[in-house]
Amino acid sequence: MPRIVSVWLPQWPVHRWLAAEQRKPSGAPVDPRAPFVLTDGSDAPRITALNPAAQASGLAVGETLADARARIGALQVRLAEPAADTKALTRLAQWATRYTPSVALFREESGTDGFFLDATGATHLQGGEDKLLANLARRLHAFGLPARLALAETAGTAWAVSHFARDRAIVPAGTEAETLTRLPVEGLRLLPETTLTLRRLGLKRIGDLIGKPRAPFAARFETELLLRLDRALGIAPEPLALLTPPPVYIATRSLLEPIDSEDAIIAVATRLMQDLVPRLEADGAGTRSLRLSLYRVDGAVQRLNVGCTLPTQSPDHVARLIRLKLERLARHLEAGFGFETLSLAVTVAEPMKPRQHTLATASEEAERAQRCTVLLDALRQRLGPQSVHHLAPVASHWPERSETLTVTPHEATWPPAHSACPRPPLLLPRAEPAEVMALMPDGPPLRLRWRGRLHAVRHAQGPERIAAEWWRTARDAPTRDYYLVEDEAGRRLWLYREGIPGRETAAARWFVHGMFA
C-alpha cells in the first residue's frame, strides 16, 4: 500500500530569496514585515510570489506589477530567480532522503514550492505516520520554513490536502474520495482556464465531479481533467520523477547525539553494513558500489561514494574503504555541529559466485583474487578512481589488440580473461626485428641476434599460428608463427616469424614481441 507525503512550502521562493539576501555583505535592505513580491522578467511583469504582508494587502500571484503598485503605494519588488529556487529546493529534498530514499520535486503543474516523499515501507522507522509528519514539520520549522504536510495513498490526494484541507493531514487508506469531496477543484492541479470553466458551470468542489457521468466531461474538457481526477483517486498511476533511483539495499540510523569524528563515523557505517549483510546473503548478492550519506544538524548533506572491484559482503572491508575515503577527503568534509543521521545505500549490487573452500588450488586462487581486490580498492580510495588503470580484454586475435587500458575497472571482468596459450607479461610497444637461424625455413629458432646480442636457444615451444584479421586490415597481412624460446642464460622471449615460407614470402622475417619473467 503506497503512502505519499506532500511537503508544501507556501513561502518558499520568498524565503529562499530573503535568506540569500541576508548572506550578502551589501545590498538594499528588505523589510519582511512590509508587502514584498517577486516578479518575472517579462515586459509586463507579473507577481510570481509574495510574502504574508502582501497577501494580507489583497495581492495575488499572477497579478500585474502595475496593478499591484496602483493599489499599494509602498511595495518592495525584486526579480525572481527560478533557477536558484530549484537548486536550493533540490538540496532541501536531498536532505529529506533521511526519511526515505524516494524523493521527487513538484512538477510544473504542482508548483515549484515543494516535493513528494514516497514513504511506503519507511514510516515505521520514525515510529508511525503521525510521528514522521511531526518530526518532519519540527525540523522544517527549525530551518525557518513554514510547511503544510499531508500523507495519503496518492500524490494527488496528498497535494490537495496539504494545499486546501484544514483539519486532517493524514488520509486513511481507502478514503481518498471522501476526503476530496469537500475540497475545491483547484486541488486537482488543473490549468487556470479549466478551473475557471468548471466554476462557471457551478462545479466548485471535487465532489461535484466524483461519481458523475464521464462522457460530458470528456467531450467538454481536455483529457487533463479526468486524468488528474483518476490519479488523485488512485485509479490511474502517477509516476514520480525521483531525484535518484531508490536503492534496493539501504540502512539508516538516527543518533541520539551528533557525531563528528572519523572513528565514530566508521563505527556507525560498519554497523549499517552489518545490517545489510543478511539481506545481501539471502539474495546471494554483494555490493560493488555504496553511498554513505551524512546528514548534518543544520540540514546539509554530504555523501561519500565507495566502489569495490569485486562484489563483497564484508563489513570490515567496507569500513577500511570508508576510512581511506575519509582520510583523502578530510579537508573537504565539513562536520559543522555534527552528523545526526547516517545512511548507507548499495547503489550497485551483483551476484556473488559461490567460493570453493575444500580444494587447495581453488582456495589459493580465491585468496589471490581477494588480495588483489583489497589492494586495488585501497589504491582507488587513496589515489582516486582515475589513478588506477585496468587491462580489459578485447575481441581480437592479434596480441597488440587483445587488451586495452581503461580507468573504469568497476565495469570490467576481474580477473580478465586469458588466452589458452601463454602470453608474456611484458609486450613491447612495437615488435623489434631479430636475426634468427632455424633448422628449416619453417622450423623453430636455434639461435637469434637481438639488440646486438647473440642468444643460443635451449628450448623452444610452438608454433602458435595467428592469421591476419582480414576484416580489420585494408590489405592482406602476413601470417604470424609465434614461439616461446629460452636461451642459455634463462631469458624467455616471445618472438614470431612473419609470413609462411614458400607461400606468403620467399624469406621470412623474425620479430621479438615480448618477454617473460
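How do the residues lining the largest cavity divide into nonpolar, polar and charged? They come to seven nonpolar, one polar and four charged. Keep in mind as you look around that this is a predicted model.

**The cavity**
- The count comes to one cavity of 30 Å³ or more, and the largest cavity has a volume of about 70 Å³.
- Its lining includes Ala-104, Leu-105, Phe-106 and Arg-107, along with Glu-109, Ser-110 and Phe-116.
- Arg-189 also lines the largest cavity, as do Glu-238, Pro-239, Leu-240 and Ala-241.

**The largest pocket**
- The volume of the largest pocket is about 1,400 Å³.
- The lining holds 37 residues, of which Thr-48, Val-61, Gly-111, Thr-112 and Asp-113 are the closest to the pocket centre.
- By class, 17 of the lining residues are nonpolar, ten are polar and ten are charged.
- Strand 3 (47–50) is the element that gives the most to this lining, with four residues.
- Elements that each supply at least two lining residues also include helix 1 (12–23), helix 4 (82–95), helix 6 (155–164), helix 8 (192–200) and helix 10 (223–233).

- In soluble globular proteins, nonpolar side chains tend to be buried together.
- Here the largest nonpolar core has 30 residues, and those touching the most other members are Ile-265, Met-273, Leu-292, Ile-322 and Leu-342.
- Two or more residues of this core come from each of strand 8 (249–259), helix 11 (262–283), strand 9 (285–296), strand 10 (301–312), helix 12 (315–328) and strand 11 (339–351).
- Helix 11 gives the most to this core, with nine residues.
- Another core, of 23 residues, lies apart from the largest one, and its members include Val-5, Leu-9, Leu-133 and Leu-140.

**Pairing around strand 14**
- Strand 14 (residues 426–438) runs antiparallel to strand 19 (residues 509–515), and five bridges join them.
- Within this pair, Glu-432 of strand 14 stands opposite Val-512 in strand 19.
- Strand 14 also pairs with strand 15 (residues 445–450) in the antiparallel sense, over four bridges.
- Here Glu-435 is the residue opposite Arg-449 in strand 15.
- Strands 14 and 15 form a hairpin, with six residues between them.

How values were computed. Residues numbered from 1 in each chain as written. Predicted model: local features only at pLDDT ≥ 70, side-chain atom pairs only at ≥ 80, totals over all residues. Heavy atoms only, no water. 1 Å grid on protein atoms, 1.4 Å probe; cavity = no way out; pocket = protein on both sides within 12 Å on 5 of 7 lines; lining within 4 Å. Points joined across faces, edges and corners; volume = space filled by probe spheres on them. Nonpolar A, V, L, I, M, F, W, Y, C, P; charged D, E, K, R; others polar. Core = buried A, V, L, I, M, F, W, Y, C linked by side-chain atoms within 4.5 Å. Buried < 20%, exposed > 50% of the residue type's maximum accessible area, 1.4 Å probe, protein only. Pairing = 2+ DSSP bridges.
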